[in-house]
Amino acid sequence: MATSSHSNGDSREARDGRDPHISIVIPVYNEEAILHAAIVDLRDRLESTGWKYEIILAENGSHDRTVEIGQELANRYGSAETGQVKIISMGEPNYGKALKQGILLSRGDLVICDEIDLCDVDFHRRAVELLDTGEADLVIGSKLAEGSEDDRPLVRHAASVAYSSMLRVLLGFRGTDTHGLKAFRRTALLDVVRACLIDKDVFASEFVIRADRGGIRTKEVPVRVMEKRPPSINLFKRVPNVLKSVAKLTYAIRVHG
């Protein structure tokens with residue numbers, strides 16, 4: 001159950017002038033080392049955009065000071081007119097569940113799904129332009145598309161290639177990447193978010209694949225990714241759970257539709 005001292009419950013269908021134009025949802029897990037600096041820096045770099053936005057920190061099961069630091073940021077920026085910061089806590093390590101809940105609690109016309117070790121404002125600008133001009137309803141920041149730069153260790157790049165290839169074979173995925181940065185028009189994708197059945201690491205893939213199968217206008221843009229800190233969960237320890245989740249996803253989409 002998500003909790004937040006700065007949220008008014010589930011997402012609101014009625015819009016008003018107080019709502020931000022953009023909601024930035026960032027799942028966080030054991031990020032005490034970089035959380036404060038990353039959010040302060042993100043707000044500084046967004047200042048020149050003139051956007052009215054909110055940042056939703058979707059904490060999930062941290063056992064360090066992540067929740068405390070996130071609450072400090074929410075207290076500091078919770079009443080900011082243009083760049084509010086909020087925190088919700090899932091109480092369990094579940095990336096997909098946290099991301100989904102953050103999206104459902106968002107109030108912006110546009111939603112950006114970011115990563116705390118990326119906070120790529122260049123992607124934000126490009127994606128918002130594509131969405132605001134009506135060129136797409138969903139923008140994927142792909143680390144595997146032509147023109148992208150993946151500066152992570154080779155084993156992580158290889159794992160991403162293998163994972164995307166598996167999704168193409170099993171589910172007919174037509175893109176290059178499902179994980180990482182995404183931006184979308186909230187009203188166009190909210191039903192897709194609600195329809196997703198699988199959580200944890202595979203929620204992002206189900207979201208993108210369901211959008212693709214549903215005919216959502218999607219555009220990929222190449223991005224550069226680099227490892228600012230070691231992954232919070234060991235890659236090889238994740239593999240068995242990811243494979244189980246992909247099997248569940250294949251069943252959910254192929255059988256239930």
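Begin by selecting helices H6 and H7 in this predicted model, where H6 passes H7 in a right-handed crossing. H6 covers residues 186-195 and H7 covers residues 203-213, and their axes come within 9 Å of each other while crossing at roughly 130°. Angles over 145 degrees would count as roughly antiparallel and those from 65 to 115 as roughly perpendicular, and the two helices are therefore oblique to each other.

With both helices still selected, show the side chains where they meet: Leu 189, Val 192, Val 193 and Ala 195 come from H6, while H7 contributes Phe 203, Glu 206, Phe 207, Arg 210 and Ala 211. Sorted by class, this contact of H6 with H7 consists of seven nonpolar and two charged residues, with no polar ones.

Next, select Gly 175, which sits in the loop that runs between helix H5 (154-171) and strand E7 (182-185). Gly 175 is buried, its relative accessible area being 16%, and, once neighbours within four places in sequence are set aside, it is in contact with Arg 168 and Glu 220.

Finally, move to Thr 66, which belongs to helix H2 (residues 66-77) and is buried, with a relative accessible area of 0%. A polar atom of the Thr 66 side chain lies 2.7 Å from the backbone nitrogen of Glu 31. Apart from neighbours within four places in sequence, the contacts of Thr 66 include Val 28, Tyr 29, Asn 30, Glu 32, Leu 35 and Glu 59, as well as Glu 31.

Definitions and conventions
Residues are numbered from 1 along each chain as its sequence is written. This is a predicted model: local features need pLDDT of at least 70, side-chain atom pairs count only at pLDDT 80 or more; totals for chains, interfaces and linings use all residues. Side-chain values use heavy atoms; hydrogens and water are left out. Axes are lines fitted to C-alpha atoms, for helices over the stretch in contact, and angles run from 0 to 180 degrees between N-to-C directions. Helices (H or I, at least four residues) and strands (E, at least two) are DSSP runs, numbered from the N terminus. Angles under 35 degrees count as roughly parallel, over 145 as roughly antiparallel, 65 to 115 as roughly perpendicular and the rest as oblique. A crossing is left-handed if the near helix is turned anticlockwise from the far one by less than a right angle, and right-handed if clockwise. Contact means heavy atoms within 4.5 Å. Ala, Val, Leu, Ile, Met, Phe, Trp, Tyr, Cys and Pro count as nonpolar, Asp, Glu, Lys and Arg as charged, and the others, Gly among them, as polar. Buried means under 20% relative accessible area, exposed over 50%, partly exposed in between (1.4 Å probe, protein chains only). A polar contact is a pair of N or O atoms within 3.5 Å; within protein, one must be able to donate a hydrogen and the other to accept it, and residues adjacent in sequence count only if both atoms are side-chain atoms.
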